[in-house]
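Reader: I'd like to go through this fold with you and ask about the labels as we go. Could you show me the model?

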Amino acid sequence: MSGRAQLMWDDAVTGYNFGPDHPMDPVRLALTRRLVEAFGLDREVDVVAAKAAGESTLRLVHRADYIEAVKAASVDPGVADQSYGLGTLDDPAFAGMHEVSALIAGQSVGAAEAVWRGEALHTVNFAGGLHHAMPAGASGFCIYNDASLAIARLLELGAERVAYVDVDVHHGDGVQAAFWEDPRVLTISLHEHPRTLFPQTGWPEETGAESAEGSAANVALPAGTGDAGWLRAFHAVVPELIADFRPQVLVTQHGADTHFEDPLAHLAVSLDAQRAVQVACHELAHEYAEGRWVALGGGGYAVVDVVPRSWTHLVGIAAGRAVEPEAVIPEGWRQEVFARTRQLAPMRMTDGRWPVVWGEWEAGYDPADRLDQAVLAARRAVFPLRGLLA
C-alpha cells in the first residue's frame, strides 16, 4: 500500500455553482485548494483527478428516473422538475449541473477505490460530502450523494464492513437512508438537534431497519454546543462504536458548518475543535481500519474565515504533515482572498483555543446537563443493540 495520501481534485468541481445569492459559494473550494498549495501540502500528496461517475455508478444509489431528471435540468434549467427537488430555493437548477455533480461524485468514488486497492492509505475529497441527496431527489444543496456512492462502491468491491462518521452540523440523512437496511454499513452522525435545524431528522431513536438494528447512531446536540461539549459527545460515542464494528474502511464527512461563525446553524464549535476531531478520525482509521481512510468535505458557509482553514488542516493530517494551529497563514493567500472576495482573511490557522480540553465520559456525567442528556440518549438507543453497555 502506498504511504502517500491522495488529494482528489479537478478545477472543474468549482462549477458546482447554484448562483451568486446561494450560500454554497464555490469560492470556498477554490480558496481551500489555494491554501493547501500555500502551505506546500500539494507536494506531500498525490493530486489526482478522477473521472466523473458514470451512469452505472450513479445507479448504485440513485434511481434512473432521478438521474434522467438531473440530466434534463442540466441541459435546460427551465424544465427542472421540482418533484425531484430540482429548481428549488435550496437546489436551483443550473446548466451543466449533472456533469459537475457527477464529477464530484467521481472524486469520492475514486478516493474509495484508491484506498481499497492499496493505491493510497488516506484520500481526501473536500469538494464532496454532499450527504443530503436521496436516491430519488436532491436535498439540502446536494444533487448526487457522493458519500453514499463511495460506500456503495466499496461494498461492490468486496468490503464487508464500512463505517461512516459524519460531523457536519446537519444530520447525514441521505447516507443513513441509503444504508438503513444494510448491516455492512455503520453510520454515525453528530449534528445539531432536529428540533432546531434542517433536515429535522437524526433522532437518537433512528437506529436502522429491523434487518440492520444498531447500524445507525445519532447524537442530536443542543443548539449552542461548544468545543468541550462537541468533543465530549464525539469521544463518548464514536470510538466505542468503531471499536465494536471494526470497519475495513473509515469514511468521514467533515462539514465545517459546526463553527460559531457559520451563518446557517447554531453550534459554537471552533476551528481548533474541528481539527481535533480530524486528528481523532485519523487515529481511529489506523487503530481499527488498517489506516484506510476516506475523508470528505461537506457543509460550511463561512467561506473565507472557516472552510479553507478547516479543510487545509484535514489535508495536512491526511498527508502526515499536519499544519500547526499557530501557523501563520501565507500573505500571498490572504491577498488572493481580498482580491476575490473583498474580505480580510484570517492571520493564523487557529481560533486561539488550542489545545481544546473536554471531559471524558468515563469520568462521570450529569443527567441534568442537556449535552449529557443528548449523549445518554444516543448511547441508550444504539449501544444495547450492539451488545454494548449504555
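Author: Let's begin with a definition: two strands pair if DSSP finds at least two bridges between them. Helices (H or I, at least four residues) and strands (E, at least two) are themselves DSSP runs, numbered from the N terminus. Keep in mind that this is a predicted model, where local features need pLDDT of at least 70, side-chain atom pairs count only at pLDDT 80 or more, and totals for chains, interfaces and linings use all residues. Residues are numbered from 1 along each chain as its sequence is written, and side-chain values use heavy atoms, with hydrogens and water left out.

Reader: What is the order of the strands in the open sheet, and how do they pair?

Author: The 8 strands run in the order β2-β1-β3-β8-β7-β4-β5-β6, and the pairing is parallel. β2 and β6 (216-221) are at the edges with a single partner strand each, so one side of each has no neighbour in the sheet. On average, neighbouring strands here are turned by 15 degrees against each other, direction ignored.

Reader: How do you know that β1 and β2 are joined?

Author: Strand β1 (residues 5-8) and strand β2 (residues 45-48) run parallel and share 4 bridges, and the requirement is at least two. One spot to look at is Q6, which stands opposite D46 in β2. Another pair is β4 (residues 162-166) with β7 (residues 249-253), also parallel, with 5 bridges; there Y164 has V251 of β7 as its bridge partner.

Reader: What makes β1, α1 and β2 a right-handed unit?

Author: They form a β-α-β unit of that hand. The test is to point the strands away from you: the crossover is right-handed if the path from the first strand over the helix to the second runs clockwise.

Reader: Why is α1 called roughly antiparallel to α10?

Author: Helix α1 (residues 27-38) and helix α10 (residues 331-341) have axes that come within 10 Å and cross at roughly 165 degrees. Angles under 35 degrees count as roughly parallel, over 145 as roughly antiparallel, 65 to 115 as roughly perpendicular and the rest as oblique, so this pair is roughly antiparallel. The axes are lines fitted to C-alpha atoms, for helices over the stretch in contact, and angles run from 0 to 180 degrees between N-to-C directions. Contact means heavy atoms within 4.5 Å; V27, A30, L31, R34, L35 and A38 of α1 touch W333, E336, V337, R340 and T341 of α10. These residues divide into 7 nonpolar, 1 polar and 3 charged (Ala, Val, Leu, Ile, Met, Phe, Trp, Tyr, Cys and Pro count as nonpolar, Asp, Glu, Lys and Arg as charged, and the others, Gly among them, as polar).

Reader: What makes α7 and α8 roughly parallel?

Author: Helix α7 (residues 227-245) and α8 cross at roughly 10 degrees, their axes coming within 11 Å, which makes them roughly parallel. Among the contact residues are W230, L231 and F234 of α7 and A273, Q274 and A276 of α8. By class, the contact has 14 nonpolar, 2 polar and 1 charged residues.

Reader: What makes E290 stand out?

Author: E290 has a positive phi of about 55 degrees although it is not a glycine. Most residues other than glycine have a negative phi, and most peptide bonds are trans. E290 sits in the loop between α8 (271-288) and β8 (293-296).

Reader: Which bond joins F198 and P199?

Author: A cis peptide bond, with omega about 5 degrees; P199 lies in the loop between β5 (185-192) and β6. W354 and P355 are also joined by a cis peptide bond, with omega about -5 degrees, and P355 is in the loop between α10 and α11 (370-382).
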